[in-house]
Amino acid sequence: MKKSLIEIGGERLFIADSGGDLPAILFVHGAMMDHTVWHKQVAALQHRFRCVCPDLRGHGQSSAKSADISFEDHCDDLAALIELLELKDISLLGWSMGGPICEVFVTRYPEKVARLVLVDTIPQRLTDERFPFGQDPESTPKTKKALEENYQATCTLFGERISPENRQVAEFIADIARRTRPDVAINDYVSTDARSQLDLLAQITLPTTIICGSDDRVCKPGASFFMAERIPGCTGDVKVIEGAGHASFLTRPELFNALLLDAATA
């Protein structure tokens with residue numbers, strides 16, 4: 001993987017890129033994460049696809065002058081990255097917070113990607129009368145307080161919640177979270193909780209594949225079926241990985257990679 005820092009939008013974005021004149025998979029990670037979560041996908045797929053794994057603005061090794069980062073900021077960064085790297089035949093994959101970012105992206109820049117893959121994600125984080133598969137609205141101030149008062153311990157709990165089925169993966173996730181800027185981590189939650197992508201779903205006409213873990217505690221599997229029913233581009237069944245939590249691509253990589261291969265070659 002070639003690793004580089006690229007100037008985009010006044011910031012320096014870190015990119016891991018397997019290179020080659022190949023169809024691309026552009027991987028978009030979740031809250032408090034970075035590009036390293038995709039190592040099992042890159043190892044398996046880099047000979048067939050150009051795997052491009054950025055650190056989102058403010059995450060990993062990418063800079064952020066301010067922690068006040070919007071989904072639109074991330075989308076504009078990704079659009080500029082696509083142009084700079086001259087990516088082609090792109091499968092855009094979003095996990096967790098990366099999912100709603102990608103939902104915004106494909107309605108903001110519908111011509112830039114060929115297909116969409118949504119993994120263990122949601123169109124809206126909090127439950128309301130329109131969306132019954134989110135988290136309790138009271139979780140926003142509680143999460144913010146926990147991150148402010150004991151960041152390291154909260155990161156440990158974060159890893160355990162993402163991967164209750166695999167302690168090694170839970171610690172791997174927690175370690176990435178601990179290295180994320182606390183102000184950026186708090187913004188990930190507060191900004192995500194303040195918005196909804198429900199009205200965008202009907203605008204997503206690109207071929208769309210939805211993958212989820214059957215035991216996901218973070219983004220409930222019901223959210224995947226909710227999206228599948230409302231996204232016109234999603235014409236197949238939700239791909240459910242039995243026994244997997246919120247990071248199915250790390251805990252069930254062989255099955256996940258096979259599903260991703262099917263999605264990216266459809």
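The legends below describe several close-up views of a predicted model.

**View 1. The largest pocket and the residues around its centre.** In this predicted model, the largest pocket has a volume of about 600 Å³. Its lining is made up of 30 residues, and those that lie nearest the centre are Arg125, Thr143, Phe158, Arg161 and Tyr189. Helix 4, helix 5 (151–162) and helix 7 (182–193) each contribute at least two residues to this lining. Sorted by class, the lining of the largest pocket holds 16 nonpolar, nine polar and five charged residues.

**View 2. Arginine 125 and its surroundings.** Arginine 125, which is among the residues nearest the centre of the largest pocket, sits in the loop that runs between strand 6 (115–119) and helix 4 (139–149). Is this residue buried or exposed? Arginine 125 counts as buried because its relative accessibility is 12%, which falls under the 20% limit for that class. The side chain of arginine 125 makes a polar contact, at 2.4 Å, with the side chain of aspartate 193. When neighbours within four places in sequence are left aside, the residues in contact with arginine 125 are Gly134, Gln135, Ser139, Thr143, Tyr189, Thr192 and Asp193. Of these contacts, Thr143 and Tyr189 also belong to the group nearest the centre of the largest pocket.

**View 3. The second largest pocket.** The classes represented in the lining of the second largest pocket are seven nonpolar, five polar and four charged residues.

**View 4. Asparagine 257 in helix 10.** Helix 10, which spans residues 253–264, is the place of asparagine 257. With a relative accessibility of 10%, asparagine 257 counts as buried. Which residues does asparagine 257 contact, leaving aside its neighbours within four places in sequence? They are Lys40, Gln41, Ala44 and Leu45.

View 5. Strand 6 is mostly covered, since five of its five residues are buried. In a regular strand the side chains alternate between the two faces of the sheet. On one side of strand 6 are Arg115, Val117 and Val119, on the other are Leu116 and Leu118, and all of them are buried, which leaves both faces covered. Strand 5 (residues 91–95) pairs with strand 6 in the parallel sense, over five bridges. Within this pairing, glycine 94 stands opposite leucine 118 of strand 6.

**View 6. Strand 3 and its pairing with strand 4.** Strand 3 is largely enclosed by the rest of the structure, because five of its five residues are buried. Ala24, Leu26 and Val28 point one way from the strand, whereas Ile25 and Phe27 point the other way, and all are buried. Strand 3 pairs with strand 4 (residues 50–54) in the parallel sense, over three bridges. What stands opposite leucine 26 in strand 4? The residue in that position is valine 52.

View 7. Glutamate 86 has a positive phi of about 55 degrees although it is not a glycine, and its place is the loop between helix 2 (71–85) and strand 5. Serine 96 likewise has a positive phi of about 55 degrees without being a glycine, and it is found in the loop between strand 5 and helix 3 (98–108). Glutamate 86 counts as exposed because its relative accessibility is 67%, whereas serine 96 is buried, with a relative accessible area of 12%.

View 8. Glycine 20 lies in the loop between strand 2 (11–17) and strand 3 (24–28). At a relative accessibility of 47%, glycine 20 counts as partly exposed. From C-alpha to C-alpha, glycine 20 and lysine 3 are 14 Å apart in space, while in sequence they are 17 residues apart.

Notes:
Residues numbered from 1 in each chain as written. Predicted model: local features only at pLDDT ≥ 70, side-chain atom pairs only at ≥ 80, totals over all residues. Heavy atoms only, no water. Helix = DSSP H or I, 4+ residues; strand = E, 2+ residues; numbered from the N terminus. Buried < 20%, exposed > 50% of the residue type's maximum accessible area, 1.4 Å probe, protein only. Polar contact = N/O pair within 3.5 Å; in protein donor to acceptor, adjacent residues only side chain to side chain. Contact = heavy atoms within 4.5 Å. 1 Å grid on protein atoms, 1.4 Å probe; cavity = no way out; pocket = protein on both sides within 12 Å on 5 of 7 lines; lining within 4 Å. Points joined across faces, edges and corners; volume = space filled by probe spheres on them. Nonpolar A, V, L, I, M, F, W, Y, C, P; charged D, E, K, R; others polar. Pairing = 2+ DSSP bridges.
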